[in-house]
Amino acid sequence: MVAESCIRIKGGTPLRGTVAISGAKNAILPIMAAALMSKGRCELQEVPQLQDVLVMCEVLRHLGATVTSQGNSLVIDAGQATTAEVSSDLMRRMRASNLVLGPLLARFGRVRLFHPGGCSIGSRPMDLHVKGLGKMGAVFEERFGYYQVEATRLQGAEIHLDFPSVGATENLMMAACLAKGTTVIRNAAKEPEIVDLQNFLNSMGAKVRGAGLDVIRIEGVDELHDCQHTIIPDRIEAGTFMIGAAMTGGDIRLTNVIPEHLEPIMAKLREVGVGIIDEGDSIRVFAQQAHQAVNLKTMPYPGFPTDMQPQLMALMTISEGTSIITESIFENRFKHVDELRRMGADIRLEGRVAIVKGVPRLSGAVVEATDLRAGAALILAGLSAENGTTVEKIFHVDRGYERLVEKFSSLGAKIERIPGG
Ligand SMILES: CC(=O)N[C@H]1[C@@H](OP(=O)(O)OP(=O)(O)OC[C@H]2O[C@@H](n3ccc(=O)[nH]c3=O)[C@H](O)[C@@H]2O)O[C@H](CO)[C@@H](O)[C@@H]1O
Ligand SMILES: C=C(OP(=O)(O)O)C(=O)O
């Protein structure tokens, strides 16, 4: 059997220094999908080099777009795109490939899309996407394993989402840009990545307003053109480094951040007792006192993000007192619990609630990244633990963190990637 890559960490070194945050995974993926609607060139800057971005490049090429990248710049030219069908193989490789649904339907009036499937954090159905696009005139036929979707020309519609789904809001916003008339999305997701998508769409000539609020209004236009856009910084990557500083008793500075986007994370970390100074363009994070256990419930933005729940749980395993963590977004996002227990964490699960009793210190172990943020949480645990930790299945981590090992090393961590053979 061929050994897979893993990450080895020798814990106990306080993180010190400055780290630059990369562009946001959850902003670049919908933006790349939206570029399919333009007949011109879309030039993107601050594009993180991630596995998910590589898969999205493959999806776009498969659809007939030209995609070229150089460092953190990416140029997408979908002028010659002709195909409106994504293979089941590509759909299975990345959940976010479902974001091409709205753009392809808007551009070609038809799509054949295989189910993206669930993933280890939950079943992740697409009913809200289907219902919203249905209101705009799309007809969905569910066949064996795929949707066949047709719409001569999408029509603007009034859509009230039952839940502020990020992906459904994005698919509907994108589709509405080339629809006839005005679309209103109520109970829309308000994440900063939705605002970034609005800015990108408007730079291509779309007419979208309201992103970041509950109601988004989109006036359809006939065509979208060339544009240039810079991706916002990744608030989840920033939050992960903040917890790294806290758990190792370190003192670091994060650059390329938008502090406003980090408010829900910073508020919670301040409650724990982590020192945080908003310096405008940068944020200083340092351990200033013993960390106190806090309770947490994940919520849509501006609530505390589910994508930071595993990392905060790692911090709670070594904080003073008992923390009650409720995961309200994904029904199965506690796979990291068993792995943290292997490192000596005291965690009890009751359905969607985890009860975490702080211990003085974790001890190193061989653990497995069961998903992207679970992997991040285990790396954080390893950075603070006694002795060595090996994190396996790190391909999950590569999906969403750019040069994570190099960045932690530059802050003084004893961490290395052991390539697979
Ligand atoms: C690429 C990207 O941006 N991914 C993010 C996006 O995922 P994603 O867009 O998939 O997340 P959603 O906001 O859509 O999902 C939130 C909840 O709504 C449910 N749901 C969603 C759609 C639907 O049609 N029906 C339905 O029931 C999901 O199963 C889940 O329980 O937002 C999540 C919630 O902040 C983040 O964790 C992901 O990192
Ligand atoms: C769940 C996540 O991403 P995705 O929606 O791409 O699976 C994540 O970023 O934590």
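**Strand pairing and the features around it**

Guide: Strand 3 and strand 14 (residues 227–230) run parallel and are joined by four bridges. Two strands pair if DSSP finds at least two bridges between them. Helices (H or I, at least four residues) and strands (E, at least two) are DSSP runs, numbered from the N terminus. The model is predicted: local features need pLDDT of at least 70 and side-chain atom pairs count only at pLDDT 80 or more, whereas totals for chains, interfaces and linings use all residues. Residues are numbered from 1 along each chain as its sequence is written, while chains are lettered from A and ligands numbered from 1 in the order in which they are written.

Visitor: Which residue in strand 14 is the bridge partner of Gln45?

Guide: The partner is Thr230. Strand 3 also pairs with strand 5 (residues 73–77), in the antiparallel sense and over four bridges; there, Arg41 has Asp77 as its bridge partner.

Visitor: Which residues of strand 3 form its covered face, and which its uncovered one?

Guide: Burial is judged by counting: a residue is buried if 20 or more other C-beta atoms, placed from the backbone, lie within 10 Å of its own, exposed if 12 or fewer, and partly exposed in between. In strand 3 (residues 41–45), Cys42 and Leu44 make up the covered face, and Arg41, Glu43 and Gln45 the uncovered one.

Visitor: Is Ala211 buried or exposed?

Guide: Ala211 counts as buried because it has 27 C-beta neighbours inside 10 Å. Its place is in the loop between strand 12 and strand 13. Arg235, in helix 8 (residues 235–248), is likewise buried, with 28 other C-beta atoms within 10 Å. Between Arg235 and Lys25 there are 210 residues of sequence separation and 9.6 Å in space, C-alpha to C-alpha.

Visitor: What is the strand order of the open sheet of four strands?

Guide: The order is 10-11-13-12, and the pairing is mixed. Strand 10 (158–160) and strand 12 (207–209) are at the edges with a single partner strand each, so one side of each has no neighbour in the sheet. On average, neighbouring strands of this sheet are turned by 15 degrees against each other, direction ignored; axes are lines fitted to C-alpha atoms, for helices over the stretch in contact, and angles run from 0 to 180 degrees between N-to-C directions. Within the sheet, strand 11 (residues 182–186) and strand 13 (residues 216–219) pair in the antiparallel sense over four bridges, and Ile185 has Ile216 in strand 13 as its bridge partner.

Visitor: How many residues surround ligand 1?

Guide: A residue is near a molecule if its C-beta atom, placed from the backbone, lies within 6 Å of it. Here 19 residues surround ligand 1, the closest being Asn26, Leu128, Ser165, Val166 and Gly167. Helix 1 (25–34), helix 5 (127–135) and helix 6 (166–177) are the elements that give two or more residues to this shell.

Visitor: Why does ligand 1 lie between domain 1 and domain 2?

Guide: Domain bounds come from an automatic or database domain assignment. Ligand 1 lies between domain 1 (6–21 + 233–418) and domain 2 (25–230) because both give residues to the shell around ligand 1.

Visitor: How many helices and strands are there in the protein chain?

Guide: The protein chain has 14 helices and 24 strands. Of its 421 residues, 50% count as buried.
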